[in-house]
Amino acid sequence: MSNIDLEARIPNNVSLGSDKKLQRALEEWQPNYIAWWKDMGPAGFQEKDVWLRTAISVDADGWANFDYVQMPDYRWGIFLADPMPNRTIGFGDNIGAPIWDVVPGEHRNTLRRLIVTQGDTEPASVEQQRLLGLTAPSLYDLRNLFQVNVEEGRHLWAMVYLLHSYFGRDGREEAEELLQRRSGNADKPRILGAFNAPIDNWLDFFMFTMFTDRDGKYQLLALAESGFDPLSRTTRFMLTEEAHHMFVGESGVERVVARTAELMKVDPNGDARAQGGIPLEMIQKHLNLWYTLSLDLFGSEISSNAASYFAAGLKGRAKESTYEDHKALDGTYRMSLMKDGAVVEDDVPLRNAMNEVLRDEYADDCQRGVDRWNKRLAEADIAFRFALPSKRFHRHIGLYANMPFSPDGRLLSRAEYDKLKDKWIPGEADRDYVRSLMHPVTEPGKIANWLGKPKSGIKGLPFEYEYVRL
Ligand code: BYC
């Protein structure tokens, strides 16, 4: 087990103290990060005590410490999972060769790009969620939001450590730019589409943590396979933290669904809206929006970029060891493509299909969550069922970008699509309604009317606990 230096100005398990130049560079970046956090992090709560977990070890059992902390004092640190003995490159043209402990010259630009893209999403999500605390439905949810936010901040640290350590001056410049871009800003937007979309209500937040954080899980799993070992080790530890974020999303939506079902029961006309709840159709629209924005994050269906990442051993498939053929040179992957204006099924050389392979695994994982929500509906004797829309619907990247497909995957005329779009994706009226429900509930143990209570609190504490001292 590696030694953790928790007392250092930057907590770390990478012996930062023994590399004075790197330490100095990161200590110079640190105040800029804090300035960014104070400016763009959660608005209105920076001086409050929040009951948060902080990573203090990379040991699977007991890696976190829980205590009250004011967010700007959070101990953001650099933690890499322990090295795996005798690890070799697990896929691609260099399979079986020793892993890289430094960046191979020929892959320097590509690796930097992947790391910058990953890094950019982390502060982006904090920016997107900046105002949500002001309308939190309970102290429990407020605390979960901040937990997610501080850990996204730590994930930024993880990528900045790689940039500073392995990419010299270019890396330091990229690390600065990670603090300069702004989610949703037309002049200096964040790199990937979904990270510029607004999150201005808690249903969006739960959908984001369900669907967009889950893209994070799959991208991190693919990067954890990387032959560049520092990237593999840092993403392996990030995955430990990521699980809670997806829990917040999946259980958050489940609690919305459960509450809507309750309100439908008490209303004489079965109308959740009349009781101040969020109708199931409106929940489905938010699902459609965030699932499809997140599908875009996997890149094009057929991608020579993805093929070359795989060939070089830089980015694999999620859980590469569960596949048999790690070269993927001769295989093909069946997917739907457009030919002469119609959708057809066809085989694509496997390496070029790696984005789609990852997207399909992701879609299966999302389906498991949707099944859980549907189970709640079945238990409540409600006939409505949620469904993931077709991968062709509402896409902005890849083969189906900006094409008028319906949620069940049929190609429509543009006019028909435009007429029906508001039935499928939240329109202004939906957004106004959901926003109208967002009022802060700050008394311990209380919760907003539109949301159900969780089954339990955090780390054995009750829901009623004062998770944030206001
Ligand atoms: N938006 O071959 P293509 C997370 C660009 S989330 C805008 O299709 P490739 C988190 C692409 O860059 C996980 N542009 O794509 C979640 C390329 O540009 P160039 C984040 C896009 O390279 C919640 C062009 O289109 N991690 O951690 O195979 C909270 C065509 O390239 C988009 C990563 O993404 C888009 N959606 O794959 C907090 C991992 N998609 O070359 C955190 C690192 C594609 O023409 N990134 N483009 O200039 C990657 O592995 C790859 O860059 C991508 C794209 C999978 C994103």
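In the predicted model, methionine 338 stands opposite valine 343 in E4. This pair belongs to an antiparallel arrangement in which strand E3, residues 332-339, is joined to strand E4, residues 342-349, by eight bridges. Elsewhere along E4, aspartate 346 is the residue opposite methionine 335. E3 and E4 make up a hairpin, with two residues separating the strands. Within the turn, aspartate 340 adopts a positive phi of about 50°.

A further set of strands forms an open sheet. Three strands take part, in the order E2-E1-E5, and their pairing is antiparallel. Strands of a sheet pair through backbone hydrogen bonds, in either a parallel or an antiparallel manner. Strand E1, residues 49-55, is connected to E5 by two bridges, and these strands run antiparallel. Valine 50 has valine 468 of E5 as its bridge partner. Helix H3, residues 139-166, lies across E1, E2 and E5, and runs at about 40° to E1.

Helix H9 was examined for agreement between its length and its residue count. With 26 residues at 1.5 Å a residue, H9 should span 38 Å, and the 38 Å between its end C-alpha atoms agrees with this value. Aspartate 381, which follows H9, has a positive phi, near 60°.

Open spaces were considered next. The largest pocket holds about 810 Å³ of space. Its lining comprises 37 residues, of which Thr117, Leu192, Gln219, Leu297 and Phe298 are the closest to the centre. Helix H2 (108-128), H3, helix H5 (202-224), helix H7 (280-296) and helix H8 (304-312) are the elements that give two or more residues to this lining. Of these, H5 gives the most, with eight residues. Divided by class, the lining of the largest pocket consists of 14 nonpolar, 15 polar and eight charged residues.The second largest pocket holds about 400 Å³ of space. A total of 21 residues line this pocket, and Ser251, Glu254, Arg255, Arg376 and Lys455 lie nearest its centre. Helix H6 (229-266) and helix H9 (354-379) are the elements that give two or more residues to the lining. The largest share comes from H6, which supplies 10 residues. By class, the lining of the second largest pocket has seven nonpolar, three polar and 11 charged residues.

About 70 Å³ of space lies in the largest cavity. Its lining is made up of Ala306, Tyr309, Phe310, Lys315, Gly316, Met354, Asn355 and Leu358. At least two of the lining residues are supplied by H8, and at least two by H9. The lining of the largest cavity divides into five nonpolar, two polar and one charged residues.

How values were computed. Residues are numbered from 1 along each chain as its sequence is written. This is a predicted model: local features need pLDDT of at least 70, side-chain atom pairs count only at pLDDT 80 or more; totals for chains, interfaces and linings use all residues. Side-chain values use heavy atoms; hydrogens and water are left out. Two strands pair if DSSP finds at least two bridges between them. Helices (H or I, at least four residues) and strands (E, at least two) are DSSP runs, numbered from the N terminus. Contact means heavy atoms within 4.5 Å. Axes are lines fitted to C-alpha atoms, for helices over the stretch in contact, and angles run from 0 to 180 degrees between N-to-C directions. On a 1 Å grid over the protein atoms alone, a cavity is a set of points where a 1.4 Å probe fits but cannot get out, and a pocket is an open set with protein on both sides within 12 Å along at least five of seven lines; lining residues have an atom within 4 Å of a point. Grid points are joined across faces, edges and corners, and a volume is the space filled by probe spheres set on the points. Ala, Val, Leu, Ile, Met, Phe, Trp, Tyr, Cys and Pro count as nonpolar, Asp, Glu, Lys and Arg as charged, and the others, Gly among them, as polar. The expected span of a helix is 1.5 Å times one less than its number of residues.
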